[in-house]
Amino acid sequence: MINIRLKRYKKEFEHSYSFGVFPILELLNYNPQYVLGVIAHPKGLENKGVAKIQDICQINNIPFEFHGKTIARIGARQNDYAVAIFQKHEPDLNPSTNHVILVNPSGMGNLGTIIRTMLGFNFCDLAIIESAADIFHPEVVRASMGALFNIRFHRFSNFSSYLEAFPRNFYLMMTDGDVPLPLAKLAPAYGLVFGPENAGLSEEYRGYGTSINIPQSQSIDSLNLAVSVGITLYHLKTNITAQG
């Protein structure tokens, strides 16, 4: 029995939701201890993914039930066969690995996509400088396709708080950065710092380390944040010298 009054998600909740079979399986595989329960839609009775979720819940003594009206009430889409309710948590960052640092990211879709992209290129530590999109929002979880449950992340009130906790080499991704990305040599452990979607990093960040630009045409003013992160991480993943 799920002993939580389930409503549409609000930031102040101590729990959040993961909609859809695949993200729920990721949650159950990597963080079953935080799952408070799973609700499935009756139309998913014949779905193999739902059956697998039910089996994992049974093994881990996680409440599981079928209830279509509850799923609709909390904001799931018509093709969502299941919803997991999970306890919010922030895993500690690994001080010895390279970090992605997002300063004031505001787009939930971008944030979720970045998380998925990070995991795709084996970057598993994310620092978020507030104010920022709510990393626990179901739309962020959905956009990450469950990758949120397989990375370490932590939120900081400002960049100074992060800097104090994790001193390292910083590389500031700026449209007018001093060094083109293909020529950049990064010394680990490093932090890759990306600014907000609308304005990028302010000039004050140049003082923290080396500024780097992604070469682009003059036809646009800047690249989408998630695209910029993807290009950068792909380059670092495939460039052995830069990767260190």
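**Exercise 1. Determine which way the side chains of strand β10 point and whether they are buried or exposed.**

Solution. Tyr190, Leu192 and Phe194 point one way from β10, while Gly191 and Val193 point the other way, and all are buried, where buried means under 20% relative accessible area, exposed over 50%, and partly exposed in between (1.4 Å probe, protein chains only). In a regular strand the side chains alternate between the two faces of the sheet. Strands (E, at least two residues) and helices (H or I, at least four) are DSSP runs, numbered from the N terminus.

Before going on, note that this is a predicted model, in which local features need pLDDT of at least 70 and side-chain atom pairs count only at pLDDT 80 or more, whereas totals for chains, interfaces and linings use all residues. Residues are numbered from 1 along each chain as its sequence is written, and side-chain values use heavy atoms, with hydrogens and water left out.

**Exercise 2. Work out the order of the strands in the open sheet and find its edge strands.**

Solution. Begin with the order, which is β7-β6-β5-β10-β8-β11-β9, seven strands with parallel pairing; two strands pair if DSSP finds at least two bridges between them. The edge strands are β7 (152-156) and β9 (179-180), each of which pairs on one side only.

Next, follow the pairs. Four bridges join β5 to β10, and here Val100 stands opposite Leu192. Strand β8 (residues 169-173) pairs with β10 (residues 190-194) in the parallel sense over five bridges; in β10, Leu172 has Val193 as its bridge partner and Met173 has Phe194. Three bridges join β8 to β11 (residues 210-213), where the partner of Tyr171 is Thr210. Finally, β9 and β11 pair over two bridges, with Ile212 as the partner of Val179.

**Exercise 3. Find which strands helix α7 touches as it packs on the sheet.**

Solution. Starting again from β8 and β10, which pair over five bridges, we find that helix α7 (residues 225-238) packs on the sheet and touches β5, β8 and β10, where contact means heavy atoms within 4.5 Å. The direction of α7 makes about 155° with that of β10; axes are lines fitted to C-alpha atoms, for helices over the stretch in contact, and angles run from 0 to 180 degrees between N-to-C directions.

**Exercise 4. Check the span of helix α2 and locate its buried residues.**

Solution. The expected span is 1.5 Å times one less than the number of residues, so the twelve residues of α2 (residues 48-59) should span 16 Å, and the end C-alpha atoms are 17 Å apart, which agrees. The buried residues are Gly49, Val50, Ile53, Ile56 and Cys57. They cover an arc of only 120° around the axis and therefore lie on the same side of α2, the arc being that of the directions from the helix axis to the C-beta atoms. On the other side, Lys48, Gln58 and Ile59 are exposed. The buried residues pack against α1 (21-30), β2 (35-40), β3 (64-66) and β4 (82-87).

**Exercise 5. State how many disulfides a search of the whole structure finds.**

Solution. The search finds zero disulfides, a disulfide being a pair of cysteine sulfur atoms within 2.5 Å. Cys57 is buried, with a relative accessible area of 1%, whereas Cys124 is partly exposed, at 23%.
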